[in-house]
Amino acid sequence: MNTLRRILVLAPFALAFLGGYTAQAQQLSLEEISSYLNGLQTAQAEFTQVNADGTISTGSITIKRPGRIRFDYNAPDNSLVLAGGGQLSIFDPRSNSNPEQYPLNRTPLSIILDRNVNLSREQMVVGHRSDGATTTITAQDPEHPEYGNIQLVFTANPVELRQWIITDNTGSQTTMILGDLTKGGAYSENLFSAVVAAEKWPLK
């Protein structure tokens with residue numbers, strides 16, 4: 001799980017990157033957040049990732065709900081992480097082996113990629129707070145809390161996802177800080193296909 005942890009876990013101190021969002025806002029309800037995520041069909045953004053070891057990676061993220069997401073990492077990392085067909089695949093340019101693969105439903109990312117996000121489900125949300133500028137929720141699979149959890153940070157007026165922190169099944173954390181989301185693009189299914197990616201890997 002070391003590579004998966006490195007890709008997905010975000011350090012809590014990255015909350016400082018949200019310092020620019022200081023407008024006072026009422027705490028968002030679980031219904032408002034669920035509605036926002038369900039309405040987020042496609043989106044793309046730049047990201048800054050703070051890894052569990054304190055190093056920083058950058059790149060771009062592409063989302064196509066339900067069930068599909070892609071992370072393209074900039075140099076010197078040059079990794080590719082994508083979800084499609086129920087699998088999360090990690091392509092590491094430093095490895096000569098096949099990509100690491102994990103069932104998507106065993107990762108906290110599946111919570112926001114679900115076809116119907118319902119954060120009001122019993123025992124799904126284990127934390128819900130506001131600091132006056134952002135609303136933060138902590139969600140887990142209520143049937144498998146051992147898979148870890150995802151902490152989502154939103155601003156309001158309008159509602160926007162700004163950051164998430166994933167805690168894996170060992171307790172390690174990694175933080176993904178998103179730039180402004182560009183919503184509504186059309187993205188090919190091939191963009192999220194591990195089979196298609198494997199044909200082109202390693203990238204030249």
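Q: Glu160 in this one, buried or exposed?
A: Buried. This is a predicted model, and in it Glu160 has a relative accessible area of 10%. That counts as buried because the cut-off is under 20%.

Q: What does the Glu160 side chain meet in a salt bridge?
A: Lys183. The N to O distance is 3.0 Å.

Q: OK, Arg162 next. Which residue forms a salt bridge with it?
A: Asp180. The closest N and O atoms are 3.1 Å apart.

Q: Which parts of the chain does that pair link?
A: Distant ones again. Arg162 lies in strand β10. Asp180 lies in the loop between β11 (173–178) and β12. The separation is 18 residues.

Q: Arg162, buried or exposed?
A: Buried, with a relative accessible area of 10%. Asp180 is exposed, at 58% relative accessibility.

Q: Why does Asp180 count as exposed?
A: Because its 58% relative accessibility is over the 50% cut-off.

Q: How many salt bridges turn up in the whole structure?
A: A search of the whole structure finds 6.

Q: Which residues are linked in a network?
A: Lys64, Arg68 and Glu189. Salt bridges link them.

Q: What about Arg94, which side chain does it meet?
A: Asp92. Their side chains form a salt bridge at 3.2 Å, N to O.

Q: Why does 17% make Asp92 buried?
A: Because buried means under 20%, and Asp92 has 17% relative accessibility.

Q: Changing topic. Where is Glu143?
A: In a loop. The loop runs between β8 (135–140) and β9 (149–155).

Q: Is Glu143 buried or exposed?
A: Exposed. The relative accessible area of Glu143 is 60%.

Q: How far is Glu143 from Gln123 in space?
A: 8.6 Å, C-alpha to C-alpha. In sequence, Glu143 and Gln123 are 20 residues apart.

Methods
Residues are numbered from 1 along each chain as its sequence is written. This is a predicted model: local features need pLDDT of at least 70, side-chain atom pairs count only at pLDDT 80 or more; totals for chains, interfaces and linings use all residues. Side-chain values use heavy atoms; hydrogens and water are left out. A salt bridge is a side-chain nitrogen of Lys or Arg within 4 Å of a carboxyl oxygen of Asp or Glu. Buried means under 20% relative accessible area, exposed over 50%, partly exposed in between (1.4 Å probe, protein chains only). Helices (H or I, at least four residues) and strands (E, at least two) are DSSP runs, numbered from the N terminus.
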